[in-house]
Amino acid sequence: MAKSIDVSDLNIYYGDFLAVEDVTIPIAAKSVTAFIGPSGCGKSTFLRSLNRMHEVIRGARVEGKVLIDGQDLYASDVDPVNVRRMIGMVFQRPNPFPTMSIYDNVLAGQKLNSKRMKKSESDDVVERSLRSAGLWAEVKDRLDRPGSGLSGGQQQRLCIARAISVEPEILLMDEPCSALDPISTSVIEDLIHELKSQYTIVIVTHNMQQAARVSDETAFFNLSGVGKPGRLIEVGRTEAIFSNPQDPATEAYIQGRFG
Amino acid sequence: MTTLTTKDSGTPGPLDVRQELYGAQLPSWAGKAVLGGGVAIGLVLYLLGTNLMLAALVVFVISLALPVWSVTVEGSRKATDRLVTVLVTSSFVLAMFPLVSILATVITNGTRVLSAEFFTFSMRNVVGEGGGIYHAIIGTLLITGGAAVISIPIGLFAAIYLVEYSEGNRLSRWIRFLVDVMTGIPSIVAGLFAYALFVLFFGEGVRLGIGGSVALSVLMIPVVVRSTEEMLKLVPNELREASYALGVPKWRTVSKVVLPTALAGIVTGITLAVARVIGETAPLLIIAGLTDSVNFNLFDGRMATLPVFTYSSVRSPGIPPEFSIDRAWGAALTLLVIVMLLNLIARLVSYFFSPKGER
């Protein structure tokens, strides 16, 4: 479990529009890497390109390499569906399936793929995933209730449980706390700390304190102007980026002078 | 304006504040009084022998007194509000008029013939009194069922293509345009189309139940496509992304996430489409024809249907005409009840199948 990611010279296009330019970044296994930067700088686009989710949008394509433990995700015969089974994702807004119970939501990855499981086996997966997501105690008595009946923070943890129940190698999180209150946010941040022991985690956040709290490495993205592609400006140990940034733009951003 | 000046003078007493907050108002019974008075006068006029429509018009004119009264007391903004309220309510009553009138007429005339015999006997060898609409009920259910079997898969898959797979290409724009055109096809044209189609295989004068199904499905498919498309569009994209992110292929995402989420709306749309075509007369007159006997086979010979039965019972009632005309009302009432049941089913389905949250 938990694999490293190696991105080299990645360009991401929407049609003819170059959205993200020339990103090279190593991401270590079992670490938390935070992407920060102003809106529109391509952090989310780049994150989505790591499990080929950006391809859902028509005309999106990439040039360059994304290596997971040495295997190129964009090699011609790689099936994006298999990539996404290996690399899970948690979205900005909690999106549990409204037609499913809490139990079925956790098992959605298996159920939607019609994987046959014994009842005892699926019970185990549900309990383990919900425990890892820190939600078990709150929902164990109402697993058959609809997932949409939970609070926003609980729904987001349900989505995390759903993502980890298929045992991915890597977990991508796209601003997972931006729709949540401070208490739910801190619960999820604690969760990220615990999940780090098993998964490689990449998180996009607008909240610099959050990046400082949860991440080992921080990458700062910026764009030079409207209509220009986003670029990776600087990447390094989180303490180093926040205390001693090399690039003046990084310093200006983390001090809150723009963005 | 006066309230503004008192405010500026800086000494608003408690009475002024009250004045400013509430303003001049008609008494709370004003609306009821005007309406009640109007209805009373209208009722008296009607009982004295005035035409019903004229009496209703008098009620409407009298209720216009409310905004006029309001403009003298409350000022123009509230008067406008009252005027629009009167207009909107009158429009609603006007819209209900034909509906209630039709229901009342069909129920009073139709219940006369209802009996066990009426629902269990066909018209075979019946002259004058007696007989029933069993054959027409069977025909209507079979032909409409056949139309549903043809239209639902085609309509559903077309809508899925449009929303999930087409990505707004040229073909999808053409399909959308043609579907919109098809919605406006006169039903008689659908009947002629089905007739022309079956003539190619069976020769002139063909009458088949399945032909009726084909004609009805021409009318039904565009309704199914449009309503399903709207429902699929309502499914949030986040759910599709959530499914993709779990490594679920697109076809499973569509069949197991998108369709179940939209199921209630789709089923409602389909039921309403069925209700829309079940009362069609013209196409069935051409292609399904009419018979006095029960026919369970869609692929063999003429089939009676409720609308065609009603039409021909009124058109050529025989002598004496009363029995036939009564049976026509009975058949119309039966059709009405079937349509109401379908609508009821649609409501129940959308109630039980919609995604439930604890809101």
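# Exercises on a predicted two-chain model

Of the 259 residues that make up chain A, 47% count as buried.

**Exercise 1.** Determine how the radius of gyration of chain A compares with the value for a compact globule.

*Solution.* 
Step 1. Chain A contains 11 helices and 10 strands.
Step 2. The C-alpha trace of chain A spans about 55 × 45 × 30 Å along its principal axes.
Step 3. For 259 residues, a compact globule would have a radius of gyration near 18 Å. Chain A has 18 Å, so the two values agree.
Step 4. Consider also the contacts in chain A with a separation of 6 or more: 70% of them are accounted for by residues 24 or more positions apart.

**Exercise 2.** Describe the side of chain B that touches chain A, and identify the helix that gives the most to it.

*Solution.* 
Step 1. In the contact between the chains, 21 residues of chain B meet 25 residues of chain A.
Step 2. Helices H12 and H13 of chain B each supply at least two residues of the chain B side.
Step 3. H12(B) gives the most to this side, with 7 residues.
Step 4. By class, the side of chain B that touches chain A has 10 nonpolar, 4 polar and 7 charged residues.

**Exercise 3.** Locate B:Pro249 in chain B and explain why B:Pro249 is classed as partly exposed.

*Solution.* 
Step 1. B:Pro249 is placed in the loop between helix H12 (237-245) and helix H13 (250-278) of chain B.
Step 2. A residue is buried if 20 or more other C-beta atoms lie within 10 Å of its own, and exposed if 12 or fewer do.
Step 3. B:Pro249 has 15 other C-beta atoms within 10 Å and is therefore partly exposed.
Step 4. Between B:Pro249 and B:Ala215 there are two separations to report: 34 residues in sequence, and 37 Å in space from C-alpha to C-alpha.

Notes. Residues are numbered from 1 along each chain as its sequence is written. Chains are lettered from A and ligands numbered from 1 in the order in which they are written. This is a predicted model: local features need pLDDT of at least 70, side-chain atom pairs count only at pLDDT 80 or more; totals for chains, interfaces and linings use all residues. Helices (H or I, at least four residues) and strands (E, at least two) are DSSP runs, numbered from the N terminus. Two residues are in contact if their C-beta atoms, placed from the backbone, lie within 7 Å. Ala, Val, Leu, Ile, Met, Phe, Trp, Tyr, Cys and Pro count as nonpolar, Asp, Glu, Lys and Arg as charged, and the others, Gly among them, as polar. The radius of gyration is taken over C-alpha atoms; the globule rule is 2.2 Å times the number of residues to the power 0.38.
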